[in-house]
Amino acid sequence: MEWRGYTGKIINVNLDKNKINLSKQNYNDIKKFGGGLGINIKLAADLFEPNIDPLSQKNYIIVGAGPLVGTITPGSSRTVGTSKFPATGAFAYSCGSMSFGFNLKLAGYDNIIISGKAEKPIYLLIWDDHIEICDASTIWGKNIIKTHDILSKKYESCGTIAIGQAGENLVYHSLALIDRVSTFGRGGLGAIMGSKNLKAIVAKGTNSISIAHPKEFTKIYNRLFDRIKNYPHKESWHSLGMLRSLPIGMLFKAAGQKQKAKQCSERVYLNQLKRRRIACPSCPMGDKDILNLEQSDSTNLIHYATSIINPFLMFTDLNGLNYNHEAILAHDMCNKYGLDYMMVAALLDYCTKLFKNGILTKENSGIEWNTDITTLVHIIELITYKTDFGEILSEGINKLIEFYKGTSEKLPNVKGLDVIFDPRLLHLGTMEFEQIVNPKGSHVASGGSPTYIGTGSSIEKFKSHFNRMGIPSFAFENIFTPPLPEMVINVGCLTRYAEDWYTILTSLGLCARAQINRFYGLESVTKLYNAITGFNTTSEDLRIAAERTWNLLKLMNMKENFSRKDDIFPKAWFNPLKFGNKYFKLLDFFGKTIITPEIANKLLDDYYDERGWDKITGNPTKAKINELELNSFI
Amino acid sequence: MEKKNIIQLKINEERCTGCLICKLWCSYTHYKMFIPSKANLEIKNKYGLKPQIIFLDTCTNCGQCAQHCLYGALTIKEAVN
């Protein structure tokens, strides 16, 4: 068949046999699961054996880009990676952006499936019809920035997925970066690539993406373009990027930390740090930052960040950091080595607490633990090269907690991934709740939108927002029936629909950021999808494909022995959090009701109910599996 | 006889983010498909410190790229007969 939007081609790379072949996309699978995330999960379910070692040759890496990627559709540059992740042992996915998926599509491919292990370091080159396994001996051992620079000089205008030394050394929580700036694979994709001797994947596409109905597409695009052009916050977003969405300076100010508030202020960012804003292909709301840091020796550090808030969050997490440049320096090291800065900060915070309690000592760990820059830089090196105590830290949270039994409360995590957004600071919205139920562990990319609109909004505004996301009106009764009436919204029920909406966006290739997805609704993305692909898909088809995808992801993790026992609110959340000179309790989204363990459990019950899953096991019921035609996967 | 507009563009490379919307729209305007490699302008060093916007000889001076640049890197200075 003639594909539009999709290319219809999959690259299969067997590193054991040093062989590459192409296969065709299955039309029925695309209709049932969608592209991007949907087809990634379906392809994986066909291939993966349960209970494999994530760092063995039996693991696969599946990379995909959805049907809208490569077009001008605003914010359509997402790349999805699927694998079994070593930090948690979960079968999961991760998303990145920048130009890799864009180039992959323009080269003529929807997906790449990588299996086995190369005998020696290699990188995979995809340049239109030319696909080659290339020698990487000259770039092995180099950091991600250098690796990207060498490859992009050799293959001008290419997109790269590259790992640093942490991935090469199989650090369980290492990740990759796309185009040296977009994080890709929290939870250990870096180590999985390292275990395959795969230093990088390069995609360079000079072909075309044609669409089925240009007139219809142009009409929809022009309408979208006008809305974006006239968006009243466009200029301030272009100026501030993610700092506009998450003004960290204000958070510090509210906590009485004036000095830190100043260091994370808009003025300091604009006048002292920001060098340039960069954007993913087709993105009208670019969020990537190039920062310029003047160092004490008069040299300048040019730092590429997924966004300015990433180093600022590190600054927030670690009390011992006094200046923003310390956080930027540490963040830069993490990026170069391919470490997850959030995990590194969480590990340092935890070990410092154990040190204060006398569990860790200088004698038994070799380190005088402190959350200052000296210790931070030291442990980044130790973890990357797995030296001394770094060897234990390199295996992540699950290993540490096993080692120091009874201390897990000091390291809030879900399934072995550190908490990203602490609801004691931000209240319990869908993004915070989804960290508990996401099969991967603490992961927030699937739970955001429903509670982005702010606590001051009316019920009618919430309903209008829910309609936009395609939440069926019959679900409203459950969504507006929380465990206690004063909570107004049942975040457990609502999270199920947040996951569906984000699965749709990720399967199409659209960005999850609020600043992009605010311009879309289920109805409009369905029209775009049909105009581009020529299909006659309904909004309900897309919603069911998303539900089917999420259930299949859950079934795969059921085979990995995950169940409700793993969807646990961290105990620490039920105690007040000291931030600055204030204490913050775990409150509902509107900040009025204290969330007790009983309420938390009820919200989990309601989430499973809304999903049609078993409340005891937390897994899909036979009825749900039948309904979604997933019987062949159990 | 109808005279063709001569469009003068103002280029502000400092504001370019490398989003490639100009190249995508250029190729879509002229080929009705997305083929940025055939666009009539090139963005060099798009993710580096100093991006460069280069118009190729094939440019038809239609100004569509500037009309679709949302960052202010390309704007229409004037259109005269």
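The model is predicted: local features need pLDDT of at least 70, side-chain atom pairs count only at pLDDT 80 or more, and totals for chains, interfaces and linings use all residues. Residues are numbered from 1 along each chain as its sequence is written, chains are lettered from A and ligands numbered from 1 in the order in which they are written, and side-chain values use heavy atoms, with hydrogens and water left out.

Chain A is divided into domain 1 (9-204), domain 2 (237-411) and domain 3 (418-520 + 563-633). These bounds come from an automatic or database domain assignment. Helices (H or I, at least four residues) and strands (E, at least two) are DSSP runs, numbered from the N terminus.

**Domain contact**

- The centres of domain 2 and domain 3 of chain A, taken over C-alpha atoms, are separated by 27 Å.
- In chain A, 22 residues of domain 2 are in contact with 14 residues of domain 3. Contact means heavy atoms within 4.5 Å.

**Helix packing**

- Two packed helices are described by the angle between their axes and the distance between the axes. Axes are lines fitted to C-alpha atoms, for helices over the stretch in contact, and angles run from 0 to 180 degrees between N-to-C directions.
- Angles under 35 degrees count as roughly parallel, over 145 as roughly antiparallel, 65 to 115 as roughly perpendicular and the rest as oblique.
- Helix α21 (residues 430-437) and helix α24 (residues 491-508) of chain A have axes that come within 9 Å and cross at roughly 85 degrees. α21(A) and α24(A) are therefore roughly perpendicular.
- On the α21(A) side, the contact uses A:T430, A:F433, A:E434 and A:V437. On the α24(A) side, it uses A:V491, A:G492, A:L494, A:T495, A:A498 and A:E499.
- The contact of α21(A) with α24(A) has five nonpolar, three polar and two charged residues. Ala, Val, Leu, Ile, Met, Phe, Trp, Tyr, Cys and Pro count as nonpolar, Asp, Glu, Lys and Arg as charged, and the others, Gly among them, as polar.
- Helix α14 (residues 324-337) and helix α17 (residues 373-385) of chain A have axes that come within 10 Å and cross at roughly 5 degrees. That makes the pair α14(A) and α17(A) roughly parallel.
- α14(A) contributes A:E326, A:A330, A:M333, A:C334 and A:Y337. They meet A:I373, A:L376, A:V377, A:I380, A:E381, A:T384 and A:Y385 of α17(A).
- By class, nine nonpolar, one polar and two charged residues make the contact of α14(A) with α17(A).

**Salt bridges**

- The count over all chains is 39 salt bridges. A salt bridge is a side-chain nitrogen of Lys or Arg within 4 Å of a carboxyl oxygen of Asp or Glu.
- A:K199 and A:E168 form a salt bridge at 2.6 Å, N to O. This pair links distant parts of the chain, 31 residues apart: A:K199 lies in strand β12 (residues 198-204) and A:E168 in helix α5 (residues 165-168) of chain A.
- A:K199 is buried at 0% relative accessibility, and A:E168 is buried at 12%. Buried means under 20% relative accessible area, exposed over 50%, partly exposed in between (1.4 Å probe, protein chains only).
- A:R543 and A:E547 form a salt bridge, with the closest N and O atoms 3.6 Å apart. They sit four residues apart in helix α27 (residues 539-559) of chain A, so about one helical turn separates them.
- Both ends are buried: A:R543 at 10%, A:E547 at 2%.
- A:K602 and A:D606 form a salt bridge, with the closest N and O atoms 2.8 Å apart. They too are four residues apart, in helix α28 (residues 597-611) of chain A, so about one helical turn lies between them.
- A:K602 is partly exposed at 37%, whereas A:D606 is buried at 8%.
- A network of salt bridges links A:R496, A:E499, A:D500, A:E540, A:R543, A:E547, A:R611, A:K624 and A:E627.

**Enclosed helix**

- Eight of the eight residues of helix α3 (residues 100-107) of chain A are buried, so the helix is largely enclosed by the rest of the structure.
- The buried residues of α3(A) include A:N103 and A:K105.

- Most residues other than glycine have a negative phi.
- A:S157 is not a glycine, yet has a positive phi of about 65 degrees. A:S157 lies in the loop between α4 (144-154) and β9 (159-162) of chain A. A:S157 is partly exposed at 35%.
- A:K415, also not a glycine, has a positive phi of about 60 degrees. A:K415 lies in the loop between β16 (413-414) and β17 (417-418) of chain A. A:K415 is buried at 10%.
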